[in-house]
Amino acid sequence: MLITQLKDRETIEGLIQGKAFVINCHGCKEVHFPVSEAEALQKALAEAGKLTGCITTDYICNVENLTKRLEKHASAIAAAETILVFSCGVGVQTVADMFADKRVCACCDTLPMPGFQGVTPLEYDCDQCGECYLNLTGGICPITACSKSLVNGQCGGAKNGKCECDAGMDCGWERIYQRLKMLGRLDLIQSPVQIRNFATDLEVSK
């Protein structure tokens, strides 16, 4: 089982550039989703004129399903510069790949709990680290996309964009760099090193 915990309001509001479109995922029943907190925040953002639209659906990790559900929201999505995703890390990564030209931001942190983890039909993975890095890395997880789970940049061993540990695997940090370059957000990887807080895992497992 895993838990999605809402980031604080100030952090989420700070993610918005221009106007935002919201995607909520209520899919996996094994995943705790902060429904009432998310709804209250989104209502406040809508009243402040910061949203172009909102959709609540299930299993956003299924691209075919999500694509069909988003069709009627095409104009609202086009009008948004930012997409706010309220889901676990897998859902955020799915949306980030679908809308690589937009700012796709994680509004939740994902925490682990013992038990069944749910099923995703895609290759994305979420390490449930309790401190999501996706907003700093263009929607590509450095912990699962990098074979060394580096959170402070490339190791320097990649060749031709491939991981030195697995020649069949794209270097996660090369992917992150290219995504941020396309978004004009290379400033994010020039900021101070983000230290991973392992205490978030320990607190939940007690």
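Residues are termed buried when their relative accessible area is under 20%, exposed when it is over 50%, and partly exposed in between (1.4 Å probe, protein chains only). Helices (H or I, at least four residues) and strands (E, at least two) are DSSP runs numbered from the N terminus. The model is predicted, so that local features need pLDDT of at least 70 and side-chain atom pairs count only at pLDDT 80 or more, while totals for chains, interfaces and linings use all residues. Residues are numbered from 1 along each chain as its sequence is written, and side-chain values use heavy atoms, with hydrogens and water left out.

The protein chain contains eight helices and seven strands. Of its 206 residues, 45% are buried. Among contacts (heavy atoms within 4.5 Å) with a separation of 6 or more, 67% are between residues 24 or more positions apart. The accessible surface, from the Shrake-Rupley method with a 1.4 Å probe and, for residues, only the protein chains shown counting as cover, comes to about 10,600 Å² for the protein chain. Carbon and sulfur atoms contribute 51% of this surface.

Strand β5 spans residues 82-86, and five of its five residues are buried. Thr-82, Leu-84 and Phe-86 lie on one side of β5, with Ile-83 and Val-85 on the other. Both faces of the strand are therefore covered, as buried denotes under 20% relative accessible area.

Two strands are taken to pair if DSSP finds at least two bridges between them. Strand β2 (residues 20-25) pairs with β5 in the parallel sense over five bridges, and Ile-23 stands opposite Val-85 of β5. Strand β6 (residues 103-106) also runs parallel to β5, to which four bridges join it. In this pairing, Thr-82 is opposite Arg-103 of β6 and Val-85 is opposite Ala-106.

Both faces of β6 are likewise covered. Arg-103 and Cys-105 are buried on one side, and Val-104 and Ala-106 are buried on the other.

Helix α5 covers residues 89-98, and eight of these ten residues are buried. The buried positions are Gly-89, Val-90, Gly-91, Val-92, Gln-93, Thr-94, Val-95 and Ala-96. Together, β5, α5 and β6 form a right-handed β-α-β unit; in a right-handed crossover, the path from the first strand over the helix to the second runs clockwise with the strands pointing away from the viewer.
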